[in-house]
Every structure is written in C-alpha cells, then in structure tokens.
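This report covers charged side-chain pairs and nonpolar packing in one protein model.

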Amino acid sequence: SCLQSQHEMGQIAERQAQVEAMKASVEQQVFERTLELSESEERFRSTVENSAIGVALLAPDGRWLQANRALCEIVGYSEAELLKLNFQAITHPEDLEADLSYVQQMLAGEIRTYQMEKRYIHKNGHLVDILLSVSLVWDKFGQPMYFIAQIQDISERKRTEEALAQTRDQALAATRAKSEFLANMSHEIRTPMNAVIGMTGLLLDTKLSAEQQDFVETVRSSSDALLTIINDILDFSKIESGKLDLETQPFSLPECIEEALDLVAVKAAEKNVELAYLLEDETPRDLIGDVTRVRQILVNLLSNAVKFTPRGEVVVSVRSQVEPNGQSAFQFAVRDTGIGIPQDRMDRLFHSFSQVDSSTTRQYGGTGLGLAISKRLCEMMSGTMWVESVVGQGSTFYFKILAEAASTPPRRYLNVTPAELSQKRVLIVDDNATNRQILTLQTRGWGMSSIAVPSGEEALAQLRQGEIFDLALLDYHMAEMDGITLAKEIRKMNAELPLMMLSSGFLTNRRVTELHGELFAKFLPKPIKPSLLFDRLLEIFSENQVPPTAPLPVRRPEDQMGENLSLRLLVAEDNLVNQKVALRMLQKLGYRADVAANGYEAIAAIRRQSYDIVLMDVHMPEMDGLEATRKICQRWNEHDRPYIIAMTANAMQGDREACLAAGMNDYISKPIKIEDLSRVLEKWGLKLLAPAG
Ligand code: ADP
C-alpha cells in the first residue's frame, strides 16, 4: 500500500506539473493576443493616420472629432485647430445646402451613405475641390454616434477637365470656322464655275469644227467634274458645321433605289457589270424620311462599287426590322465583286479626305469625301455604316437607318397573284446567279412557275426535253451564247413562244430594239425593276395579246424630243443627286441643261445668257425658288424671261397656288417622272414656237 501511495503521489505531482504548464501556456497566449490586439488597433490607427486620402470622424452636429494627416494637409489646418470647428465652417457656402440635405436624409435613415463633389475653403483662403464620401455609425439603441468621412483632393483632376473642355471648345469652334470657310469658298467658286459651264454649253450649240467641238466638250466635262468636287466639299462642310436639315416626307423605297441604280447604269453597262436589287419580302415599301439623302448615300456606294469592280456584279439589298419604339430599322447592303479593301485600311475609309491608297486616287479619281459624307448622313438618320471586304473578292458596304413606315395602300405588283400570270410557266435564262435568283423569286411571287438556267445551251436542252413554257426571259449579255443567238435558236424550234429580252445599257437596248424587234415580244431594261417586269408580263399575258410574230418595236416618243424641239434649259436645284437625276432625265430626252444651286445663281445665270425654260426647285438655301421667281418676274417682262416650272417635293394643294402666285408657269412634283418632264417641256416649248401674241 505504501508502494501504491507512492505511485499515486507521483501521479498527482505529474498532473500538477501538467496544469502548471497549461496555465503558463494560456497566460502566454492571453499575453500574445492582447499584444496582437493592441498592435492591430495601433496598426489601424496608423493606417488611417497615414492614409493617402483624408479620413475624419464627425459628431452628428458636424463637429470634427478626429482628422488624419491627409485631411489636415488638404485644408491647411492642424488636427487641434480642426477640432475647434465644424465641417460647415470650412465648406464653400454655395455647396453647404446640398451637403446638409444629404446629412438630414442620412440622420432620418433614408440613405446609408452619400458621395458628392464640393469645395472646402483652405486655411489660406483658396478653394479646394474635393470628393466627399460619408457614412454614419449608429449605437445599439438606434442613436447616431458619428459620421465617417473620406475626403479626396480632386483639384488637379478638375483643372485638367476644365483645360480639356476648353481645348475641346476651341477645337470645335475651329472646326466650325473651317467648315464655314469651306462652305463659303465652295459657294464662291460655284458661281464662276457655273458661268464656265453655261458658256461652254452655249458654245457647243454653235457651229464648231470637229476639233473645236472636242476641245469644248473636254472643257465642259472637266468643269462638270470640278463642280462635283466642289459640291462634295460644300455638302461635307454643311454637315460639319451643323447646317444640314433632313426632310421627313413619305417616299417609295423601290423608286429611290431604282433612281440611284439608273444613275450608275450606264457606267455599269460599259464595263459589263451586272446591276440588281432585292427587297426582302416584309420590307415596307413606303417610308417617311429624306429620300434625297437616302438616294445620295446609295449613289455614293453604288458609284464606288461600280468604279472598283472590273467584272461581276453590284447588288443592292434591303431588309427591315421593327424596333421596340415602333420605328423600322432599314438595313441596306451594297455588295460588289470588285478589288476589295485591305483589312488594315478599312478603319480609314470613313475619314474625310482619305482614300485606301493614294496611288488608286490617280487611277480612279475622287475626293475621298463620299464615304465620310454618307456615314454622317446615316448617323443623322439614327443609323450607322460599316463595311466587310475581302481583297480580290469584293466589298459589301452596309448602312442602317431608322425611319417610320408610311401607311399607304400596298402596291399592285406586291404579293398579288393576278389570274393572267398564275400558273404560267416561265423559262429564265441568265448567266448571272443573282439575277436568276431575283427573277425566280419575283415570278414565283406572282404565282408563276419558273425554271432558271445559266446558259443558252441549257435553255435549249429544256425545250428539247419537251418542257412546255408560256414565256422565256432571255438575258442579252451571256458569255457563250448571247440572248439574240439564243432567241434565233428558240425560234427554229418554236415559232410561238413569247420571248422577253433583258438588257442593261440604254443605248444597247435601243439598238437591239431596232434590230431585233421582231424576235421579242418585250424588252426590259436592267437592273430589273419589279413594277416594270410586272407590267410587261401582264401586257404579254393579257387577253388582247400582241402576237409574237408581229410585235411593236419599243419606241419611246421622247427619244427624239431634243432633236425636234430644241430648248435652252436651266435647272435650279441645290441637291447634287437631284441635279443628276434631273440632268439624266433631260439627257434621255435629248437635252443638255445648265445648273444653278439656288435662287441667286439662277438669277445670275439668266442675267448672263437667255434660257427658254427654268426648272426651279422650291426649297433651296440662300434664296428659295419662290423668291427667285418673284425677283425674275420683277426684273424681266413676260416676253424676255424664261418659262419657270416648279419642281417641288411638297405635293400639297396650297403649294401649287403658291408657285403660280409667285409667277411660275407650271408645276411638276418630285420625285420627277420622265413623262411629266417631257409633257411640260413639250407644252411650254411649243408655246415658244407659236407666234407671239
Ligand atoms: P472617293 O470620292 O475618292 O471615291 P470615297 O469616300 O467614296 O471617296 O471612297 C474612299 C476610298 O475608299 C476610295 O478611294 C477607295 O479607295 C475605297 N473604296 C470605296 N468603296 C470601295 C469599293 N466598293 N471597293 C473598293 N474600294 C472602295
């Protein structure tokens, strides 16, 4: 038992030792934790003290309780000095109300934090811009204890911002001044240019030797080119200086596209480049917007596309989509199979005065303004413009605009299946895939059943196999067998099948018509216009069908008009594309006209030389058509002045009266139709021939 108790004693001692050790360890730990805690409190203090931004605690009434070094530096007071003040005392009086209102909202528990920019008054009296962020600490009884404020000195940033704003304002003012200067200059240059153009026009009407004729024509075409460049610059500077307003009038999308295509059709036909266009089915046909500017964009893109495409095709397509606000977004694409644009040059494209390659400038000409103008115009129509391109394969320029769809009755040629066309079988022969696709879509849309083949051989194969057709549409330009040869081959097999010829190029078309009128029931110019195709098809299939063996050659009475009735014409129109449209129509009628860009120029031109008829736009800058007409009527009597015919987009009743009241003789409405134009020219031109009185 002694041994046992000895053993127990030993155990007790061991335990005591263990307890002692544990006690020591706990004490050590407590000591360390305490040290750590006070160290971390110290660390926190010194963090706040040394923080780069100002930090402070404030009593609910705004007195400073504690402020770190950074804050003292910002305001120029020592901490001891600050503690005798409240924040109101060093806040700029103009910023106090806003700050106090935040404080009130915070004390009312409405907001948890706030941030504001305000100004402190430095001890030396200067103002300091600061960014203030504040939060509020509450005690456990729900009483506000103190605010924690962080204060950042932003004077430097403010100064930079102000300097930047100033620089920007100066730059903007300089740009505006430059644009206004450009606008004024180009306007000044236009006036003598128009004289040069007008006078060479007169010279061309006199007896000249072949050589002289050639010289004068060069002068005339060079001055036309120069005028185009000046007009571009004028347009661009108008946009830049914010002086361009957009119209909002209902217009027809297909007509707008067709007019744009017409302007490049001759160039394209010369190069044998196919032109086509396609509107996706659900695209509204009538919209409200600025038709002139949409057409201007299209003409720009189309002339570039034709210019940079040595072979292949240029195709316009349009799709639309309804936006959440009820407007429609129209996305246009102008695709070509031309030389393409290198990837690293694309970003420069839409900058003013920039061309992809200055060496191409010499080869192709141009100012490098077209795309810049077009893109700005898109942006003015809440849209954008961009491009995709592969060198050697071609480019597609896209643009998107927002516009409202006009609620007009649907066109006759859209989504109807007229009985005359329904179930008719048509053979389409065209070596261009896009055209085959478009013709197939269109004819099927009218309930016809169509088969499209890419060559004369395949067309003949279809007929040999015994396929029965009611009509064949033949393209004129085809690589292996052209449309005429094919037509003759078809006639050998089938004397009855009506044939329709598709051909690009106005002149070619006319020659073909004269030479081969008996082969074809109808001719259709390319690019294909759905409304025209529809009419031609109806004519072929309507009851009193013209027998295909004795067709009437397509003969436009207006073709010779200029030869039979010579007229000296002036077109007063400010918009470049509208000018071109008018000039081209007149050209088709056999006339060459001079151009004035506003009322002043028109009067100056009439003072310089005599005209028989003035086609006068009503809305023009500087001096509009009405005022110009009044001035002309004051200055010249009835027998000495030209007849004045208004061209106006406002097809309202009152406008006609306003034009006539101003002294105009007649009126045609825009978009101008060639028939209207030839009608008024004939009507007033014949009056000139009639003996006076
Ligand atoms: P420009 O009046 O010189 O044609 P643009 O702004 O219309 O001015 O075009 C700028 C340049 O962009 C052109 O000179 C040409 O280098 C390039 N470019 C425009 N369209 C095409 C295109 N469809 N294919 C290839 N290059 C093009």
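Lys492 counts as exposed, because its relative accessibility is 65% and the exposed class begins over 50%. The model in which this residue sits is a predicted one. Lys492 forms a salt bridge with Glu489, and the closest N and O atoms of the two are 2.9 Å apart. Glu489 has a relative accessibility of 27% and therefore counts as partly exposed. Both residues belong to helix α14 (residues 483–493), where they are three residues apart, so about one helical turn separates them.

Glu156 counts as exposed because its relative accessibility is 54%.

Asp99 and Lys118 also form a salt bridge, with 2.5 Å between the closest N and O atoms. This pair links distant parts of the chain: Asp99 lies in helix α5 (residues 93–107) and Lys118 in strand β3 (residues 113–121), with the two residues 19 apart. Both Asp99 and Lys118 are buried.

| Salt bridge | Closest N and O atoms |
|---|---|
| Asp99 with Lys118 | 2.5 Å |
| Glu489 with Lys492 | 2.9 Å |

Side chains of opposite charge can pair when their charged atoms come close. Over the whole structure, a search finds 31 salt bridges. Some residues are joined beyond a simple pair: Glu117, Arg157, Lys158 and Glu161 are linked in a network of salt bridges.

The nonpolar packing comes next. Which residues have the most contacts inside the largest nonpolar core? They are Leu298 and Leu681, in a core of 74 residues. Helix α8 (residues 253–271) contributes the largest share of this core, namely nine residues. Leaving aside residues up to four places away in sequence, Leu298 touches Cys256, Ile257, Ala260, Val316, Phe332, Val334 and Phe399.

Notes: Residues are numbered from 1 along each chain as its sequence is written. This is a predicted model: local features need pLDDT of at least 70, side-chain atom pairs count only at pLDDT 80 or more; totals for chains, interfaces and linings use all residues. Side-chain values use heavy atoms; hydrogens and water are left out. A salt bridge is a side-chain nitrogen of Lys or Arg within 4 Å of a carboxyl oxygen of Asp or Glu. Helices (H or I, at least four residues) and strands (E, at least two) are DSSP runs, numbered from the N terminus. Buried means under 20% relative accessible area, exposed over 50%, partly exposed in between (1.4 Å probe, protein chains only). A nonpolar core is a set of buried Ala, Val, Leu, Ile, Met, Phe, Trp, Tyr and Cys residues joined through side-chain atoms within 4.5 Å. Contact means heavy atoms within 4.5 Å.
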